[in-house]
Amino acid sequence: MPQRAEYRNSIRSKTLIKNSLIELLKTKPLEKVTVTDIVNNADINRGTFYAHYTDICELIHAVEDEIVDTLCSFTHEWNETEPFQNPLPLFLRISDYLTQKQDLIFALMNANNTSSFVFRLPDLLTEHLLASDSVSKPLLRDPLLEARFRFYAGGVVSLYAAWFQGSLEGTLDDVAYMLEKIIIN
């Protein structure tokens, strides 16, 4: 029984820390956020922070991984036999999620020391797509499958990143429709 309470406390602490980071990102750039800011905002002690993360970079990677896992779960739930024929439902779902997490995603994509987030996404998405059970057997035999996934994942991430950087006008749903047209055509 005590182990379960400890586990629950660990989850609670990590949630407090991540939520504190997200709150702080609404008022200051990521580069200016300190461990002291996070623990003061979360009303925890430094030891609690360091029990879970070695530094802010590890915390940021944990937050990024959580985002990527969520995005990849959408691809696993997507039951298309040929993912390049009807991508709009997937892109709309991604756009909805990114809208909900807009402040956090914006902060991560525009932070000086975490530009790797944008570069990590296509690789992680490709890995998840290749491991997905929803990819049909005939498609798995395509010798260019991994290259196709990397190409499309890179393009998708690039367009969403351009929107977050202010280079594309419209809404995130507009980006989803653009992506559908590009992939289908």
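Helix 9 is followed by G166, whose phi is positive, near 85°; helices here are DSSP runs of H or I with at least four residues, strands are E runs of at least two, and both are numbered from the N terminus. The model is a predicted one, in which local features need pLDDT of at least 70 and side-chain atom pairs count only at pLDDT 80 or more, while totals for chains, interfaces and linings use all residues. Residues are numbered from 1 along each chain as its sequence is written, and side-chain values use heavy atoms, with hydrogens and water left out.

**Overall make-up**

- The protein has 10 helices and 0 strands, so that from the N terminus on its elements run α-α-α-α-α-α-α-α-α-α.
- Of its 185 residues, 42% count as buried, a term that stands for under 20% relative accessible area, with exposed meaning over 50% and partly exposed lying in between (1.4 Å probe, protein chains only).
- Among contacts with a separation of 6 or more, 60% come from residues 24 or more positions apart, where contact means heavy atoms within 4.5 Å.

**Helix 9 and helix 5**

- The 20 residues of helix 9 should span 28 Å at 1.5 Å a residue, and the end C-alpha atoms are 28 Å apart, which agrees; the expected span is 1.5 Å times one less than the number of residues.
- Helix 5, with 13 residues, should span 18 Å by the 1.5 Å rule, and its end C-alpha atoms are 18 Å apart, again in agreement.
- Buried residues of helix 9 include L145, F149, A153, V156 and Y160, whereas in helix 5 the buried positions are L88, L90, F91, I94, S95, Y97 and L98.
- Helix 5 (residues 88–100) and helix 9 (residues 145–164) pack at an angle of about 35° with their axes 13 Å apart; the axes are lines fitted to C-alpha atoms, for helices over the stretch in contact, and angles run from 0 to 180 degrees between N-to-C directions.
- This contact is formed by F91, I94, S95 and L98 from helix 5 together with V156, Y160 and F164 from helix 9.
- By class, the contact residues divide into 6 nonpolar, 1 polar and no charged.

**The largest nonpolar core**

- This core has 51 residues, of which L21, I38, F49, I67 and Y160 touch the most other members; a nonpolar core is a set of buried Ala, Val, Leu, Ile, Met, Phe, Trp, Tyr and Cys residues joined through side-chain atoms within 4.5 Å.
- Its largest share, 9 residues, comes from helix 4.
- Setting aside residues up to four places away in sequence, Y160 touches F91, I94, S95, L98, L172, V175, A176 and L179.

- L172 has its place in helix 10 and is buried, with a relative accessible area of 3%.
- Apart from neighbours within four places in sequence, L172 is in contact with S95, L98, T99, Y160, W163 and F164.
- L172 and D96 are 76 residues apart in sequence, yet their C-alpha atoms are 7.6 Å apart in space.
- T48 lies in helix 3 (residues 46–52) and touches S13 and I17, not counting residues up to four places away in sequence.
- T48 and K14 are separated by 34 residues in sequence and by 8.9 Å in space, C-alpha to C-alpha.

Conventions. Ala, Val, Leu, Ile, Met, Phe, Trp, Tyr, Cys and Pro count as nonpolar, Asp, Glu, Lys and Arg as charged, and the others, Gly among them, as polar.
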